[in-house]
Amino acid sequence: MSTSPMQVSEARRFQQLRGHLSYLKLNDAAEALNRVLDQARTERMSLTAALERLLEIEVEATEARKLAARERFACLPEPWTLTDFDFAAQPGVDEKLIRDLATLRFLDDASNVLFVGPPGVGKTMLSVALGRAAVDAGHRVYFTTAAELAAKCHKAALEGRWKTCMRFFAGPKLLIIDELGYLPLPEDGASALFQVINQRYLKSSTILTTNVGIADWAGAFGDATVAAAMLDRLLHRAAVAGIDGPSYRLRGHRNQAEAMRKGVNARVS
């Protein structure tokens, strides 16, 4: 069977089009080209509609890759979102404030958020949920504990990478510093934390969780001057959420244990 010149031309044009897409690194569009052309013929799509569909596939794939990269960079410890938090089980949380923070308006004016309360009341979960919302909205987020931050800064100072370390912590739109006060900071830890806060002051937002009441920071961190300077910058633009309810985590453990107990009893009976 002979092949007409028109068929040869169309085949060549198809390969050239795939080549152009690949050259422009539109690899997902190149991969989907044959499928979209078949769909265009079957559904009698216009040239504009077919082209729009092809580029939509590339845009969706690009956005998915960017989201995955932001997720990897963020280092969020759990996949929590705000829907996972049971406000009814933790009356110590100001739900109206949290819902407002979830709009991420605080990122627009580089405001900070402080979650203050004893262990287990949901501070980390809420901070991670807000971080997740920021990642989904296209912002760069980074999660660390206060102890990890202090250790990285100390190591960077010893290796002559202090400025690089400060640029790293200054970069994210939202920096989450968890568990401040849970472990004693090394001798230069409070100073390093202040330097990070100072780098970000009025430029980017920081969420900080701590079990130490604001009035007790001077004693807890061993340097009243550094503690006062840190609070001055954190609280200049900040929402402070004090959580004094029952242990949210302990309630979850109890519910899990109760469910297991009921399951065992059901099998025995």
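A: A crossing is left-handed if the near helix is turned anticlockwise from the far one by less than a right angle, and right-handed if clockwise. Helices (H or I, at least four residues) and strands (E, at least two) are DSSP runs, numbered from the N terminus. Here α8 and α9 cross in a right-handed way.

A: Two notes before we go on. This is a predicted model, where local features need pLDDT of at least 70, side-chain atom pairs count only at pLDDT 80 or more, and totals for chains, interfaces and linings use all residues. Residues are numbered from 1 along each chain as its sequence is written, and side-chain values use heavy atoms, with hydrogens and water left out.

Q: At what angle do α8 and α9 pack?

A: Two packed helices are described by the angle between their axes and the distance between the axes. Axes are lines fitted to C-alpha atoms, for helices over the stretch in contact, and angles run from 0 to 180 degrees between N-to-C directions. Helix α8 (residues 162-170) meets α9 at about 55°, with the axes 9 Å apart. That angle makes α8 oblique to α9. The classes are roughly parallel (under 35 degrees), roughly antiparallel (over 145), roughly perpendicular (65 to 115) and oblique (the rest).

Q: Which residues make that contact?

A: Contact means heavy atoms within 4.5 Å. From α8 come Trp 162, Met 166, Phe 169 and Ala 170. From α9 come Ala 192, Gln 195, Val 196, Gln 199 and Arg 200. By class, that is six nonpolar, two polar and one charged. Ala, Val, Leu, Ile, Met, Phe, Trp, Tyr, Cys and Pro count as nonpolar, Asp, Glu, Lys and Arg as charged, and the others, Gly among them, as polar.

Q: How do α9 and α11 cross?

A: Their axes come within 10 Å and cross at roughly 25°. That makes α9 roughly parallel to α11. The crossing of α9 with α11 is left-handed. On the α9 side, the contact includes Leu 193, Phe 194 and Ile 197. On the α11 side, Val 226, Met 230 and Leu 234 are among them. This contact has eight nonpolar, two polar and one charged residues.

Q: How many cavities does the search find?

A: On a 1 Å grid over the protein atoms alone, a cavity is a set of points where a 1.4 Å probe fits but cannot get out, and a pocket is an open set with protein on both sides within 12 Å along at least five of seven lines; lining residues have an atom within 4 Å of a point. Grid points are joined across faces, edges and corners, and a volume is the space filled by probe spheres set on the points. The structure has two cavities of 30 Å³ or more. The largest cavity holds about 70 Å³. Its lining includes Ile 197, Arg 200, Arg 233 and Leu 234. α9 (189-200) and α11 (224-236) are the elements that give two or more residues to it. α11 gives the most, three.

Q: What lines the second largest cavity?

A: Its lining includes Thr 145, Asp 178, Glu 179 and Tyr 182. α7 (146-158) and β3 (174-180) each supply at least two lining residues. The volume is about 40 Å³.

Q: Where does the lining of the largest pocket come from?

A: α1 (5-23), α2 (27-43) and α3 (47-74) each supply at least two residues. Of 18 lining residues, Leu 17, Leu 33, Leu 37, Arg 41 and Leu 47 lie nearest the pocket's centre. The pocket holds about 450 Å³. Its lining has 13 nonpolar, two polar and three charged residues.
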